[in-house]
Amino acid sequence: METHIPTRAEAWELLNQHNANDGLLKHALSVEAVMRHMARKLGEDEQMWGIVGLVHDLDYERFPEQHCRKSPELLAAAGWPGEYIHAVVSHGWGLCAEVEPTHVMEKVLYAIDELTGLVKAAALMRPSRSVLDIEPSSVKKKWKDRKFAAGVNREVIEKGAAMLGADLDGLIADTIAGMRTAAKQIGLEGTTAPAS
Ligand SMILES: [Fe+2]
Ligand SMILES: [Fe+2]
């Protein structure tokens with residue numbers, strides 16, 4: 001297939017072809033929302049950043065043992081350009097891929113991927129169960145409690161922040177701001193949303 005710029009609709013369809021797990025889809029939408037927020041903030045290509053965020057874990061549900069290795073095949077087969085594929089793979093740098101994030105979009109993805117998990121876990125601890133009223137300080141508190149959301153790789157987030165020259169507090173605030181724009185879709189709108 002010839003290479004072409006993927007649309008958001010195409011990315012969503014591809015994601016749904018390979019993912020049925022609600023939690024994974026919500027994670028994808030969370031990362032998309034934060035990537036869009038960051039692109040807007042930095043004056044970058046919001047559409048591209050969002051799409052890369054949306055499909056970054058494309059292969060994870062069907063090929064967990066080959067995470068970051070199957071996605072390039074799937075994306076290339078769908079005719080996606082190399083820069084999208086490079087970006088998707090680089091989120092697993094040092095974990096499931098040897099491809100280092102180089103473009104600023106890739107560094108942002110690397111830094112915020114795990115952080116969305118910590119924000120979600122911290123939001124669900126609140127009486128509101130919402131990302132809409134959480135403060136960066138409550139996420140920071142949970143950051144220090146390594147037993148809380150222990151699966152969230154804090155070293156990766158720190159490495160990502162260092163790559164960007166960003167401070168952790170700012171990154172947490174931006175991740176919350178991005179997730180808020182998709183609160184309903186990611187199931188973190190609060191008590192009015194159905195429990196998931
Ligand atoms: Fe991943
Ligand atoms: Fe992810």
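Arg-40 and Glu-46 form a salt bridge, with 2.9 Å between the closest N and O atoms; a salt bridge here is a side-chain nitrogen of Lys or Arg within 4 Å of a carboxyl oxygen of Asp or Glu. This is a predicted model, in which local features need pLDDT of at least 70 and side-chain atom pairs count only at pLDDT 80 or more, while totals for chains, interfaces and linings use all residues. Residues are numbered from 1 along each chain as its sequence is written, ligands are numbered from 1 in the order in which they are written, and side-chain values use heavy atoms, with hydrogens and water left out. Asp-57 coordinates both iron ions, ligand 1 and ligand 2, which are 3.9 Å apart.

**Salt bridges**

- The count of salt bridges comes to nine.
- Arg-40 and Glu-46 also belong to a network of salt bridges that links them with Arg-8, Glu-32 and Arg-36.
- Arg-40 counts as partly exposed because its relative accessibility is 41%, and Glu-46 is partly exposed at 24%; buried means under 20% relative accessible area, exposed over 50%, and partly exposed in between (1.4 Å probe, protein chains only).
- Lys-70 and Glu-73 form a salt bridge whose closest N and O atoms are 3.1 Å apart. Lys-70 is buried, with a relative accessible area of 17%, whereas Glu-73 is partly exposed at 48%.
- Asp-133 and Arg-126 meet through their side chains in a salt bridge of 3.2 Å, N to O. Asp-133 is partly exposed at 35% relative accessibility, and Arg-126 is partly exposed at 25%.

**Iron ion (ligand 2)**

- His-27 (NE2), His-56 (NE2), Asp-57 (OD) and Asp-113 (OD) coordinate this iron ion at 2.1 to 2.3 Å. Donors are N, O and S atoms within 2.8 Å of the metal (3.2 Å for Na, K and Ca); water is not among the atoms, so sites may look incomplete.
- The site of the iron ion (ligand 2) is irregular, with angles of 83 to 174° among its four donor atoms. Irregular means anything other than four tetrahedral donors (all angles between 85 and 135 degrees), or four square planar or six octahedral donors (opposite donors over 155 degrees apart and all others between 65 and 115).
- Along the sequence, the donor residues of the iron ion (ligand 2) have the spacing H-x28-H-D-x55-D.
- His-56 lies in the loop between α3 (46-55) and α4 (71-77) and Asp-113 in helix α6 (residues 104-124), so this pair ties together parts that are 57 residues apart in sequence. Helices (H or I, at least four residues) and strands (E, at least two) are DSSP runs, numbered from the N terminus.
- Both His-56 and Asp-113 are buried.

**Iron ion (ligand 1)**

- Asp-57 (OD), His-67 (NE2) and His-91 (NE2) coordinate this iron ion at 2.1 to 2.2 Å.
- The spacing of these donors along the chain is D-x9-H-x23-H.
- His-67, in the loop between α3 and α4, and His-91, in the loop between α5 (82-90) and α6, are 24 residues apart and link distant parts of the chain.
- Both His-67 and His-91 are buried.

**Buried surroundings**

- Leu-58 lies in the loop between α3 and α4 and counts as buried because its relative accessibility is 0%.
- Leaving aside residues up to four places away in sequence, Leu-58 touches Leu-14, Leu-15, His-18, Asn-19, Ser-71, Leu-74 and Leu-75; contact means heavy atoms within 4.5 Å.
- In α5, the buried residues include Tyr-84, Ile-85 and Val-88, and what covers the buried residues of α5 includes α3, α4 and α6.
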